[in-house]
Amino acid sequence: MYKKIIVPIEIGALDRGEKAFRKASTLLDTGGEIVLLNVVEEVPTYVAIDLPPELLQNAANDAEEKLGRLIRTCGIPAMIEIGHGRPAHSILAAAEAHGADLIIIASHTPDFSNYFIGATADRVVRHAKCSVLVDRQR
């Protein structure tokens, strides 16, 4: 069905990410590839002054280790990519760079500020140049 699938995973919500990862494996063509993507958000300069300089690198290392463990636990081959910056922008950039034909993104139960599908998922759906599957999770 799909040759290249991007699965953005929030490290604080690995259970949702695992569900999306398993779904991606069922939609992947033989010989296709899944890219597990975690985005380490930049810290505003006025906040970064009070934080240790290695904070972002530690977050990236932690994400890579946890995604590697997820791959081993699920037994599904995948590539790991760590992005930096705004999540929606990084997801769209990764999809473009990899020539993805599908993004599977988990969406949480919305609140009033992002009522329909979540702020990041909403931006990805509106701006992606490939198909997007929103995995609604409660």
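Helices here (H or I, at least four residues) and strands (E, at least two) are DSSP runs, numbered from the N terminus.

## Model and confidence

This is a predicted model, where local features need a pLDDT of at least 70 and side-chain atom pairs count only at pLDDT 80 or more, while totals for chains, interfaces and linings use all residues. Residues are numbered from 1 along each chain as its sequence is written, and side-chain values use heavy atoms, leaving out hydrogens and water.

The mean pLDDT (the predictor's confidence in each residue, from 0 to 100) is 89 for the protein, with 88% of the residues scoring at least 70. Strand 1 (residues 2-8) has the highest confidence, at 98, and helix 2 (residues 45-48) the lowest, at a mean of 66. Over residues 112-117 the pLDDT is below 50, and this stretch has 10 contacts in the model beyond near neighbours in sequence; a contact means heavy atoms within 4.5 Å. Where pLDDT is low, the predicted coordinates should not be read in detail.

## Helix 3 and its buried face

Let's turn to helix 3. Its 20 residues (55-74) reach 28 Å from first C-alpha to last, close to the 28 Å expected at 1.5 Å a residue; that expected span is 1.5 Å times one less than the number of residues. Ala60, Ala63, Leu67, Gly68, Leu70, Ile71 and Cys74 are the buried residues of helix 3. Seen down the helix axis, they fall within an arc of 160°, so they line one face of helix 3; the arc is that of the directions from the axis to the C-beta atoms. Burial means under 20% relative accessible area, exposed means over 50%, and partly exposed lies in between (1.4 Å probe, protein chains only).

The buried residues of helix 3 pack against helix 1 (14-27), strand 2 (28-40) and strand 3 (79-84). On the other side of helix 3, Arg72 and Thr73 are exposed. Gly75 follows the helix, with a positive phi near 70°.

## Salt bridges along the helices

The whole structure holds 10 salt bridges, each a side-chain nitrogen of Lys or Arg within 4 Å of a carboxyl oxygen of Asp or Glu. Glu18 and Arg22 form another salt bridge (3.0 Å, N to O), and both lie in helix 1, 4 residues apart.

Helix 5 (residues 119-127) holds Arg126 and Asp122, 4 residues apart, about one turn of the helix. Their side chains meet in a salt bridge at 2.1 Å, N to O. Arg126 is exposed, at 56% relative accessible area, whereas Asp122 is partly exposed, at 25%.
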